[in-house]
There are 2 protein chains.
Amino acid sequence: MPRELKADAADFENHFLDLLSSKREASVDVNDTVAEILADVRQRGDAALLNYTRRFDRLELTADELRVTPAEIEAAVAACNPDSIEALKLAAARITDYHARQKPEDLRYTDPVGVQLGHRWTAVEAAGLYVPGGTASYPSSVLMNALPAKVAGVDRLVMVVPTPDGVLNPLVLAAASIAGVDEIYRVGGAQAVGALAYGTETIDPVDIIVGPGNAYVAAAKKQVFGIVGIDMIAGPSEILVIADGKNNPRWIAADLLAQAEHDTAAQSILITDDADFARAVEQAIAIHLQTLTRSEIARESWEDHGAIILVDDLEQAVPLTNRLAPEHLEIAVDDPEPLAAKIRNAGAIFLGRHTAEVIGDYVAGPNHVLPTARSARFSSGLSVLNFMKRTSLISCDAQSLKAIGPAAVTLAREEGLTAHALSVSLRLEE
Amino acid sequence: MPRELKADAADFENHFLDLLSSKREASVDVNDTVAEILADVRQRGDAALLNYTRRFDRLELTADELRVTPAEIEAAVAACNPDSIEALKLAAARITDYHARQKPEDLRYTDPVGVQLGHRWTAVEAAGLYVPGGTASYPSSVLMNALPAKVAGVDRLVMVVPTPDGVLNPLVLAAASIAGVDEIYRVGGAQAVGALAYGTETIDPVDIIVGPGNAYVAAAKKQVFGIVGIDMIAGPSEILVIADGKNNPRWIAADLLAQAEHDTAAQSILITDDADFARAVEQAIAIHLQTLTRSEIARESWEDHGAIILVDDLEQAVPLTNRLAPEHLEIAVDDPEPLAAKIRNAGAIFLGRHTAEVIGDYVAGPNHVLPTARSARFSSGLSVLNFMKRTSLISCDAQSLKAIGPAAVTLAREEGLTAHALSVSLRLEE
């Protein structure tokens, strides 16, 4: 049974704090193993990479066979259901269009004393995209991670994907091809992260590594951070649905289960002002669970981490939502905008009864890589900005330096930095 | 003696690779100590904080005395040199003006099939600012870290600063006051980072922690990352100066030393096409070193990590610069724009002979917190964006869902996620 909390109960705050602080992920410490693998790949390059691939993916490769060939990609695309290829192309076009609007503007201006200032955005040169193998190998994730890099203008986009026992999802290759991935290597795990960070004889190093992975991949990304950039380390997925009693309970039940089916550690929370509706949703969940492919996972997630919060008025949901800072927030009411305007912490907001969160997972356009575990308090979903960086630009002439230089000399002297002071004062003496 | 490299020498590439990969920082592993301190602060709150402050700062405080009072701040401001206060105010006004131009735009549009899309930026609610104590306690850093948060619209800006033996730089308090810091606590080290991340009886927790610190502070920030956001972990400072032979060697020598005086691990590199000029700069450095307050530090940095690279043509500096990805880049030539346009990786570029890098440390306006250790390849300086986060907005009605929903159902089924498919297909059946 999921937790049930009533916002007007005397012990609500304690139960809510409990919900906020509940740890859903078992943290396994794989840091030492990962450090060894990374050091080995750094030192021995391809030889280490091939060795780990033999060991972990049961796959005997030579260095020449690491890269997936254009012929293999073509064959994969041909093997896919044409409807699925069309669906991927629709998704790719919409994701590209949305992300193109995130491209930041350069800045250049001259201030009143004549100092020329500005900034310039440039794309990262090379990006690595980690794609998990096996059942968590999602073509939609390939699009969501690769397309922001392409829109940013990354020159070289390199994908790594493990192929345990040689098996690779053809639709993942099709998605990579549609997204314009430049190189694909059939390696995974910490060893693939090491290859992207340090480079090997076959794989040139990249500047940033993004994409989801298991505990080994996450630990490897953390360890190479600094040598390369990384995206955030994603935790289990979450949804918060704010719904009044006028929703179809079957729809809301499906939304809650769509999150729950990802992972037993996923979390689905419903906030409603209608106890009867809450009951109806619970019943609909029980019925849906009878037919879902991943019902065991979904059931465990819902029973262990799910919650229903009853409030007197949906306005009460606002501060609770901001404290939960959910990855996904659905606001299923007739007029969602006034509530949405008061939400400060959420990765993405899905407005109105027809906007299933799932639409954002695939085809809406915004990124589905979003901050989890309350990190929407301080971070944002994956975007074009992750693949760009900003350079400040400053230009003084003799005249404008006279206007602001003396203050710099004063502060440098206060900080005891006499070479700093000298560097400006010499130019002021001229 | 700094290294000297000639770009046309046969072994140049090896020497340059050596320069790129040289580690300047001794890494001390303080992770276990820091983990203990953090756990203690998390569990015991103020009691732990006061205990570590007694131990590390030799300061006996009660919880009531943790916070710096308005009267203390006023007294500090009154004790400062009025010229220094004026210089700080000039700097603050210019930093505020520059950063205000970084504020990102919200987005809202309806696409051709009727889906409403967009994003909204909001400020982080509470930010913590770490300020080192002792000699590295720089008022300029207070402005550079605090003002982007204020411009972003952060509600609550909390500063922590250790006061070893009770000593606190009055100009640091003045800078905090000018920058609009809301709360100041006289604590430092890993214990202060823990207090900001977890909260104590006296200090409410924040959502993001920024600011420089020693190895303990850096390790603590890394360990609390995820619970709160953090800025980048800064390494030792660096400058790369591209200069032709028409510069005053004393100016360029001072610029190289201004970086070197920060830290023995700092790095100053000169790229020039004029061997005589290089010689003159070296001589000017020797002369400047005779009078600088921090000449021992500057000399050690220059001798151990400094470098002069002789090129035939300054165009050759472009690919070298992009590989070095320096924190600071000066381009000291008559017409710096064509060279600057080709630089992709640099934290900040200082254009022309009069733009001493130091001007950017204090009063130019752009932030002086910039990516070090080649991370300008993938990251940017501190900005208003560090204190804001973006929420995606998606809204479908029945009609627009019909346009894009079927593709989502197709992809969900391909990924084996039947609850995902159900969540959309139920709404399409309507």
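View 1. Strand β13 (residues 348-351) of chain A pairs with strand β14 (residues 388-395) of chain B in the parallel sense, over four bridges. Pairing here asks for at least two DSSP bridges between the strands, and strands are DSSP runs (E, at least two residues), just as helices are runs of H or I with at least four, numbered from the N terminus. Look for A:A348, whose bridge partner in β14(B) is B:S392. This is a predicted model, where local features need pLDDT of at least 70 and side-chain atom pairs pLDDT 80 or more, while totals for chains, interfaces and linings use all residues. Residues are numbered from 1 along each chain as its sequence is written, chains are lettered from A and ligands numbered from 1 in the order written, and side-chain values use heavy atoms, without hydrogens and water.

**View 2. Where chain B meets chain A.** Each chain brings 119 residues to the contact, meaning heavy atoms within 4.5 Å. Together the chains bury about 10200 Å², 56% of it on carbon and sulfur atoms; this is the accessible area (1.4 Å probe) lost on being put together, summed over both parts.

**View 3. A salt bridge across the chains.** B:D255 and A:R427 form a salt bridge, with their closest N and O atoms 2.7 Å apart. The term means a side-chain nitrogen of Lys or Arg within 4 Å of a carboxyl oxygen of Asp or Glu, and 10 salt bridges are counted between chain B and chain A. Helix α16 (residues 398-414) of chain B gives the most to the side of chain B touching chain A, namely 10 residues.

Notes. Buried area is the accessible area (1.4 Å probe) that two parts lose on being put together, summed over both.
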